[in-house]
Amino acid sequence: MTTTPPDSPAPSAPSAPDSSVPPAPSVPSDGGHEHGHGHTREATLPEEEFWDLRYGESDQIWSGNPNVILVREVTGMEPGSALDLGCGEGADAIWLARRGWRVTATDISGVALERAARHAASADVADRVDWQRHDLGASFPEGLFDLVSAHFLHSPGDMPREKILRTAASAVAPGGTLLVVGHAGFPAWEPNPHPDVHLPTPEEVLEALQLPDGEWEVQLCEEHDRIQNDPDGKPTTRRDNVLRVRRLPG
């Protein structure tokens, strides 16, 4: 899943963009790949079919750069096992794999996963990423992970986001990290395209996780502004939020 493009790497945390996937002229270059509300979904169209059609519209939807918050928060962490939820065309998973992580990356779109696997092969990290197709509301990758990452896991369909994120928290190994990044508002050129959609605050995301007392440490819970280019390539400001929690060892 995904509907807005990747963030430029933060100056304080330089990333290594996926050089195997050069940004196409039609791809906005404002930052990380995102799952969101940019396309209206037919009520009768299954979620899987919607996202396959979305990715089938172009040979490349996103810029190929990793999400800037992932780069900022993960740089300096000891590599281990990582789970990337809603991986899209694979930029985050490939960035992690290049830094020594063993990655399980999942998306509902088979079109996106096939594309991501080709990008990983071009980046020489195919052996470090396990691509899995899941409708996360119905199935979920097995195992425990040192890092579970969910960036812009929004959808115009009836995706049970809170349930998925609670399952994501249960997949974090002791001592591991859950990183959730989402939109706090709609883009400037679409002030309120979906009035029935609620974009939760990071505090609401934290509360919905229902984390047991004494078992987790909240490391970051905040909103922030970032630059996102509009469809004409003009920079605008968009507000997002981030929640980072660590499962205590033992």
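Modeller: Happy to! Cysteine 87 is buried, with a relative accessible area of 0% (buried is under 20%, exposed over 50%, and partly exposed in between, with a 1.4 Å probe and protein chains only). A word on the basis: this is a predicted model, in which local features need pLDDT of at least 70 and side-chain atom pairs count only at pLDDT 80 or more, while totals for chains, interfaces and linings use all residues. Residues are numbered from 1 along each chain as its sequence is written, and side-chain values use heavy atoms, leaving out hydrogens and water.

Cysteine 221, by comparison, is partly exposed at 24% relative accessibility. Searching the whole structure turns up zero disulfides (pairs of cysteine sulfur atoms within 2.5 Å).

Now to the strands (DSSP runs of E, at least two residues; helices are runs of H or I, at least four, and both are numbered from the N terminus). Strand E1, residues 81–85, pairs with E4 in the parallel sense over four bridges (pairing needs at least two DSSP bridges). Within E4, serine 149 stands opposite aspartate 84. Six of the seven residues of E4 (145–151) are buried, so the rest of the structure largely encloses this strand. E4 also runs parallel to strand E5 (residues 172–183), joined to it by six bridges. Here alanine 150 has valine 180 in E5 as its bridge partner. Between E4 and E5 the chain passes through helix H5 (residues 161–170), and this β-α-β crossover is right-handed (clockwise from the first strand over the helix to the second, with the strands pointing away from the viewer).

Next comes the packing. The largest nonpolar core has 28 residues, and Leu96, Val103 and Trp131 have the most contacts inside it (such a core is a set of buried Ala, Val, Leu, Ile, Met, Phe, Trp, Tyr and Cys residues joined through side-chain atoms within 4.5 Å). Among the elements that each supply at least two residues of this core are helix H3 (91–98), strand E2 (102–107) and E5. Beyond its neighbours within four places in sequence, valine 103 is in contact with residues including Ala82, Asp84, Leu96 and Val129 (heavy atoms within 4.5 Å). A second, separate core of 23 residues includes Trp216 and Val245.

E6 and strand E7 (residues 235–247) pair in the antiparallel sense over 13 bridges. Five residues lie between these two strands, and glycine 233 in the turn has a positive phi of about 85 degrees.
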